[in-house]
Amino acid sequence: MNILEKMRLDGKNGFVTGAARGIGKATATALAEAGADVAIVDLDIAEAEKTAKAIGEATGRDVFAVQADVTDPASVDQFIQAVLDRFGAIDFAHCNAGICINAPAAEMTYEQWKKVIDVNLNGVFLTAQAAGKVMLAQGHGSIINTASMSGHIVNVPQPQCAYNASKAGVIMLTKSMAVEWADRGVRVNSISPGYIGTELVLSNQTLIPLIDKWNAMAPMHRMGTVEELQSIVVYLAGDTAGFTTGADFSIDGAFTAF
């Protein structure tokens, strides 16, 4: 069996949160293209169902949508059970759901701070913990958390202290879980994308004026694409990454390299 065959995900199944659009949609697509069955988890169930239908028809895999609020422990437990009812096991989990609120630290309200931390950090914890419990019982599994280069640097010129703090927390949460579960068959890693040209970013009138400034600072002088995040998630979900845990992968065009 050659390396491409070894990297296939046939017979594996799992879920991606925040998968109705953007990065989550791209990684869910790649996982299905590699042979996995995938649950599309999102708060926006209508968009999630459209995404699941499109991916399922394109790949021939079992892809279904399930609604969940990752900040609500009961909702997380319910969607985990829905995935188990459908697939019988959870081999991989891409905990990807996240939000960003740009507000100066001196003016940010506690409600704004708490909303970002709830989704980006607490939501990853609740989702990874719930998936981890299933995987520990199985004796195997791979958790992939979406962090950000913002967990390593302070982005400028936009003020986003809550986002930066939440993503730094995701990186350390990932490492902590990885160490706790390393000898129990469960791997935990994170990816830290740089600026990615998702539909939401490219259509956000507040962010569009900043893109030229970001690109001017970037060594590659461009944003990344969602497709450029697909292969690392497929790798981490599969068996060829068996010795890879506790790692954070920067996919940022060398933005954090200097």
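Two strands count as paired if DSSP finds at least two bridges between them; strands (E, at least two residues) and helices (H or I, at least four) are DSSP runs numbered from the N terminus. In this predicted model, local features need pLDDT of at least 70 and side-chain atom pairs count only at pLDDT 80 or more, while totals for chains, interfaces and linings use all residues. Residues are numbered from 1 along each chain as its sequence is written, and side-chain values use heavy atoms, with hydrogens and water left out.

Strand β1 (residues 13-17) runs parallel to β2 (residues 37-42), the two being joined over five bridges, and asparagine 13 sits opposite aspartate 37 in β2. Both belong to an open, parallel sheet of seven strands, ordered β3-β2-β1-β4-β5-β6-β7. At the edges stand β3 (63-67) and β7 (248-251); each has a single partner strand, so one side of each lacks a neighbour in the sheet. On average, neighbouring strands are turned by 20° against each other, direction ignored. Helix α4 (residues 73-87) packs on this sheet, touching β1, β2 and β3 (contact means heavy atoms within 4.5 Å).

Turning to the aromatics, there are five pairs (Phe, Tyr or six-membered Trp rings with centres within 6.5 Å; planes under 30 degrees apart are stacked, over 60 edge-to-face, the rest tilted). Phenylalanine 15 and phenylalanine 79 have ring centres 5.0 Å apart and planes at 85°, so they pair edge-to-face. This pair ties strand β1 to helix α4, 64 residues apart. Phenylalanine 15 is buried, at 0% relative accessible area (buried means under 20%, exposed over 50%, partly exposed in between, with a 1.4 Å probe and protein chains only).

Notes
Axes are lines fitted to C-alpha atoms, for helices over the stretch in contact, and angles run from 0 to 180 degrees between N-to-C directions.
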